[in-house]
Amino acid sequence: MIDMSDYSRAAKGYWVALVSAGALIVAWALSQCLSFTPTQGLQFLALASFVVISSSLPIRIPNTSASITAGDAFIFLGAILLGVPAALALGATGALVSSLCTSRRAPSWIAAPATMSLTVLVSATAFYFMLDSYAGVARQPVGMSRLTFEQLLVPLVVMALLQYLFNGVLIGTLHALKGGSSIWKFWRDGYLWTSCTFFASAVVTALLYQAMQNFGLIYVLLSVPVIGATFATYKIYFERMNEKSRETAELARLHLATVEALATAIDAKDQTTHCHVRRVQLYAARLGEMLRLSRSEIEALRAGAMLHDIGKLAVPDHILNKPGKLTTAEFERMKVHTIVGASILERIDYPYPIVPIVRSHHERWDGLGYPDGLRGEEIPWTARIFAVVDCFDSVREDRPYRRGMTREEASAMLLRGAGTHFDPKVVELFLKHLPEFESEIVELGLDQHGFTSREAEPRALVETSGTYANVAHANAAHTSAAPPLNPKQFAVPAYLEQIKSAHREVYALYEIASTFGASLDMEDRSQILVNKVGHMVPFDTCAVYLFDELKNYATVAHVSGLNAEALRGHCVAPGEGVIGFVIANRRPAAGFDPMLDFADLALTEAQPYRSMIALPLVKDERLLGVLAVYSLQTEHYTDDHLHLLDTVARLASDAFSNALHHAEAESNALTDPLTNLPNARALHIRFAEEEARARRNGTSFQVVMLDLDEFKSVNDTYGHSTGDQMLREVARVLSAQLREYDFLARYAGDEFVAVVQDLPRAQADDLCGRIETAIRGLSLHVPPDKRARVGISVGAARFGTDGETLNQLLIAADQAMYSVKSVHKLRRRHTSAATSLSIVEPPPG
């Protein structure tokens, strides 16, 4: 089976027509050669031998794909001596031998003799026509007729000219149809230099013919070594020239490879994957072929996938990887990369038209792009193609700051931008052939880093100055003449992964530091920490323990990964397992048996953990907690992992310390420092919560006012120190009389307020009685032998019945308390009067 996979449909049709016509001509020529006389047969064999030998030693012209041989002189000589059929047979034989030496493809082996037979038919026929018109010789073949040099020269020059032109047109047309380039470009680059050899062959043919007439065939044969030596000299010269050309080309390739390697490293810094570049190359090249771009433009698309963002060297990293919208100033800084990249490549003098791609790939179809504000057809074809394919593939890749879009979402984005951001014709063609593009991508193994079917959380599209600023900040393949793609060539170099990993780690640290400021809650910060650790260190389970100084143990505040449910809420005391060791010694632990931390837990994974790292979270000598990662697969965590986690632990320690300080400050703002009860500010907050709950559920609650009696006398008699101690003891006694879910606050001075869930009247009276009894029983020892006592007055008000605001309920409770005091005073007055009457009452009789 003949492999013609790189031939377009038109090229295949042209090849079939060319070969069919050539086969018919060669068949006719061979049939005519069968009628040669013995002398003519010997002459034909001699000429055929010279043609085969000379054609098997082609000389490749430097910097072109063309080659020359000395066979044309013998083909011309065959036309003179034996006629057109012999010249056709000799030409086809020489082309076949030369093709076998210079090409490895069957289509070239077949097409070469067919092309030459057509060429020789035209040129040899023209020779005899000119010989008849110019020299008046109508005989065919001429044979050994006595023709002068002057008679032969003009017909031979015409024959050489037609052979040169006709052969070039036939071959150029085939290559133009294959590669999508023009015939003139092929002729100029690969065939123009061969013209001198055809005319030289014509002169040599005339000289050889004259020598054969004057000296005989034997003397001509003796001159062949001289001709061979001359030919060998040219061959050596051209081979040296070719070697120099190869060295120059290799040096140029190395220079370009260096630039491309640096550009790829820049892409890695921007978290662009190697497979992304290759996919964009394939998309762009295929579209270029469908739009019939030239070979150099397609090569420019291929190179553009690697070099288009080289100008990002002038853009700061914090702008390149910013998670949210760019500010106007940041976006203006980002736009510079197109101009800088184009300027860099202009100085290199790149062999393909890549500069228009680099400069214009952010131009918009509606003219609102940058840097030049080009509109519609003003934008180069290559830049229009590249804008579509690079944007499509960029948004489908995961980045540190966003998840990739699905294929459907990315396609919808292109459709929305068609006619405004993108050339609608390019978008339509790309989406029409997208399934076949992706099939080829899967075959090449280029889909492992990019395609995603997850719910997309795309980074916001920034419509600043009317462009997709954050989708593809500016991110093709072999041409039809290039060799088939090989999946092995797309292996991601290790150094690119190292660069990406380094910048991923820096970005993760930056994101940890920045997102820690989003919340002051300890559990929120624990969750942030666990989520970000996975960007730098592999783990199967990650947990953050927070240490309680009062209780002297650590509790898992947040856990992610395997066995999360088993670990959640788990408490560890100093000395228990590896975490207990870290708590007790306040230093990192690595290389310990991780199963020590899971000894008493029911694990869902039968496979044991193999390695772990645990680091203390310490700030200013205060232990805040422990960060721990566990792995089932990793045999040992490396020193790099330990250093990274140590950096994370220091950031987390600062964040947790700030959160604790904030919590303490918040607590102090709502706490009475003397009694450690909530203060008046906290009372207002709690009342608002209870009010909202009561209105929502249709329930009620009581506000109880508690006022100490005789407290001023305690202060005046025993001093304020004793008075402070009395307040603390009263707070303790009152708290003991209330339920856990009731609320008690020190309101002011010697006044306390309780918020109690709705109680029936009898239970409320019982509560007030118990409080009065407990306070009357309170006695504070004052050295040396005195006791300080206070009383208490209690008043209650019910929400909804006695008032609906805190002030209203406090006033109502205070009035109720005053009424109780009045009753108590009246009772004491009656008791005192009765006592005095009993004292003065005279005895009976």
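Student: Over how many bridges do β10 and β11 pair, and in which sense?

Tutor: In this predicted model, β10 and β11 belong to an open four-stranded sheet with the order β10-β11-β9-β14. One of the bridge pairs sets Leu744 against its partner Ala754 in β11. The pairing of β10 with β11 is antiparallel, and its bridges number five.

Student: Which residue takes a positive phi in the hairpin of β10 and β11?

Tutor: Two residues lie between the strands of this hairpin. The phi in question is near 50°, and the residue that takes it is Gly749.

Student: Which residue of β11 stands opposite Phe701?

Tutor: Strand β9 (residues 701–709) pairs with strand β11 (residues 751–757) in the antiparallel sense, over seven bridges. Within this pairing, Gln702 faces Val756 in β11. Phe701 has as its opposite residue Gln757.

Student: What angle does the direction of helix α24 make with that of β10?

Tutor: Helix α24 (residues 680–697) packs on the sheet and touches β9, β10 and β11. Taken against the direction of β10, the direction of α24 makes an angle of about 135°.

Student: Why is β11 described as largely enclosed by the rest of the structure?

Tutor: A residue counts as buried when its relative accessible area is under 20%. Strand β11 has seven residues, and it is largely enclosed because the number of them that are buried is five.

Student: Which residue of β5 is the bridge partner of Thr555?

Tutor: Strand β4 (residues 553–561) runs antiparallel to β5, and two bridges join them. For Thr555, the bridge partner in β5 is Cys571.

Student: Which residue of β8 is the bridge partner of Cys542?

Tutor: β3 and β8 run antiparallel and are joined by six bridges. On the β8 side, the partner of Cys542 is Val629.

Student: What phi does Asp620 have in the turn between β7 and β8?

Tutor: β7 and β8 pair in the antiparallel sense over nine bridges. Val618 stands opposite Leu623 in β8. The two strands form a hairpin with two residues between them, and Asp620 in the turn has a positive phi of about 55°.

Student: How far apart are the end C-alpha atoms of helix α2?

Tutor: Helix α2 (residues 38–55) has 18 residues, which at 1.5 Å a residue should span 26 Å.

Student: What arc around the axis do the buried residues of α2 cover?

Tutor: The buried residues of α2 are Phe44, Leu47, Ala48, Val51, Ser54 and Ser55. They lie on the same side of α2, because the arc they cover is only 135°.

Student: Which exposed residues does the opposite face of α2, turned away from its buried side, carry?

Tutor: Exposed residues have a relative accessible area over 50%. On the face of α2 turned away from its buried side, they are Pro38, Thr39, Leu42, Leu45 and Ile53.

Student: Within what arc do the buried residues of helix α18 fall?

Tutor: In helix α18 (residues 434–443), the buried residues are Leu434, Phe437, Glu438 and Ile441. Seen down the axis, they line one face of the helix, because they fall within an arc of 95°.

Student: What percentage of the residues of the protein count as buried?

Tutor: The secondary structure comprises 28 helices and 14 strands. The protein exposes about 40800 Å², of which carbon and sulfur atoms supply 57%. Of its 845 residues, the buried share is 47%.

Technical notes
Residues are numbered from 1 along each chain as its sequence is written. This is a predicted model: local features need pLDDT of at least 70, side-chain atom pairs count only at pLDDT 80 or more; totals for chains, interfaces and linings use all residues. Side-chain values use heavy atoms; hydrogens and water are left out. The expected span of a helix is 1.5 Å times one less than its number of residues. Buried means under 20% relative accessible area, exposed over 50%, partly exposed in between (1.4 Å probe, protein chains only). The arc is that of the directions from the helix axis to the C-beta atoms. Accessible areas come from the Shrake-Rupley method with a 1.4 Å probe; for residues, only the protein chains shown count as cover. Two strands pair if DSSP finds at least two bridges between them. Contact means heavy atoms within 4.5 Å. Axes are lines fitted to C-alpha atoms, for helices over the stretch in contact, and angles run from 0 to 180 degrees between N-to-C directions.
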